[in-house]
Amino acid sequence: MKLTSTLTVCGLTLSLASSFTLAFVPSTLTSTKSLRISPASTTQRLAASNNWLTNVLSRPSASKKTPAILAAEAAALKQDLYAVAKNKDNGLKASEADKAQILSLTSELIKLNPTKNIATSNKVDGTWRLIYTSTTGGSAGKLGPFVGEVLQQIDTASGDYVNFVRLFGGLVEGALVATWEVKGANEWKVIFQDITFRLFGLPVVDKKPLNGQAGQWKLSYLDDDLRILTAAGLTNEGKPAKVSNIYVLRRV
């Protein structure tokens, strides 16, 4: 019985490997327009706009408020965000109303961002767990019919960036290795290097190269336990694609 179960898992792993090798590359990113939210309110129109981040950042912030008030507001918004995103499979099970509410909450948080020059801040160091994204592919942890846990490990000293998807408690694991170049105070060019796919800790797909595929990360919020960014793939000419997605990650 144990042998049959093991063979079944092995066969499943091999069938998922091909989908995982393309899971995180920029071509899989989908536009926030895919939310298809009815433009019944300002929040919903904002959620459906591909210029969502630009719209948010162009709004005036509440600069006259004290740091204590701003911190309290951010804490309350984060608790609401965590509650809405909970048990949504990284956003894959989020309803249209959930998506609109999450984008509204993240919009408010971005205006309260406490970290300047996120692109060079060592606050990004550590392990982060994805709690919501607007994409529906491998970057959301979807491998075949399954949805796994998505983790990011970042080390600014070494320039290492690893994105993991783990299924069945880590029995099956995919790891995307990347590095980045700082392109602005709050922008990275993320360069994808290779993908490894493991079963029982042994490589099934071992360091498949990605030939320099890259993406543009707009880093819009960072504090001790929350990161918010938007990501878009880069074309062969090095320009960001028109499609982009939001990613919300909580420190582990």
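Q: Which residues of helix 4 are buried?
A: In this predicted model, the buried residues of helix 4 (residues 67-85) are Ala74, Leu77, Lys78, Leu81, Tyr82, Val84 and Ala85.

Q: What puts them on the same side of helix 4?
A: The arc they cover around the axis is only 155°, so they sit on the same side of helix 4. The other side of helix 4 has exposed residues: Ala68, Gln79 and Ala83. In general, an α-helix has 3.6 residues a turn, so residues three or four places apart point the same way.

Q: What do the buried residues of helix 4 pack against?
A: Their partners are helix 5, strand 1 (126-133), strand 9, strand 10 (226-233) and strand 11 (245-251).

Q: How do you know that the length of helix 4 agrees with its number of residues?
A: Helix 4 has 19 residues, which at 1.5 Å a residue should span 27 Å, and its end C-alpha atoms are 26 Å apart, so the two agree.

Q: Why is the Glu108 and Lys111 pair called a salt bridge?
A: The cut-off is 4 Å between a side-chain nitrogen of Lys or Arg and a carboxyl oxygen of Asp or Glu. Glu108 and Lys111 come in at 3.2 Å, N to O, so the pair qualifies. They are three residues apart in helix 5 (residues 96-111), which means about one helical turn separates them.

Q: Why are Glu108 and Lys111 called partly exposed?
A: Buried is under 20% and exposed is over 50%, with partly exposed in between. Glu108 has 32% relative accessibility, so it counts as partly exposed. Lys111 has 26%, so the label is partly exposed here too.

Q: How many salt bridges does this rule give?
A: The count comes to ten. One of them joins Lys65 and Glu73 at 2.6 Å, N to O. Lys65 is partly exposed at 34% relative accessibility, and Glu73 is partly exposed with a relative accessible area of 26%. There's also a network of salt bridges linking Lys78, Asp223 and Asp225.

Q: What makes Glu187 and Lys218 a link between distant parts of the chain?
A: The closest N and O atoms of this salt bridge are 2.9 Å apart. Glu187 is in strand 7 and Lys218 in strand 9, 31 residues apart, and that is the distant link. Glu187 has 18% relative accessibility, so it counts as buried, whereas Lys218, at 32%, is partly exposed.

Q: Why is strand 7 said to pair with strand 6, strand 8 and strand 9?
A: Pairing takes at least two bridges. Strand 6 (residues 172-184) has twelve with strand 7, in the antiparallel sense, so that pair passes. Val172 and Leu199 are bridge partners there. Strand 9 (residues 214-222) is joined to strand 7 by five bridges, also antiparallel, with Val190 opposite Gly215. Strand 8 (residues 202-209) is likewise antiparallel to strand 7, again through five bridges, and Arg198 stands opposite Pro203.

Q: How many residues lie between the strands of these hairpins?
A: Two residues lie between strand 6 and strand 7, and two between strand 7 and strand 8, where Phe200 takes a positive phi near 55°.

Q: Which element gives the largest share of the largest nonpolar core?
A: This core has 30 residues, and those touching the most other members are Tyr161, Trp188, Val190, Phe192, Trp217, Leu219 and Leu229. Strand 7 gives the largest share, six residues. Apart from this core lies another, of 20 residues, including Ile102, Ile110, Tyr132 and Ile246.

Key:
Residues numbered from 1 in each chain as written. Predicted model: local features only at pLDDT ≥ 70, side-chain atom pairs only at ≥ 80, totals over all residues. Heavy atoms only, no water. Helix = DSSP H or I, 4+ residues; strand = E, 2+ residues; numbered from the N terminus. Buried < 20%, exposed > 50% of the residue type's maximum accessible area, 1.4 Å probe, protein only. Expected span 1.5 Å × (residues − 1). Arc of directions from axis to C-beta. Contact = heavy atoms within 4.5 Å. Core = buried A, V, L, I, M, F, W, Y, C linked by side-chain atoms within 4.5 Å.
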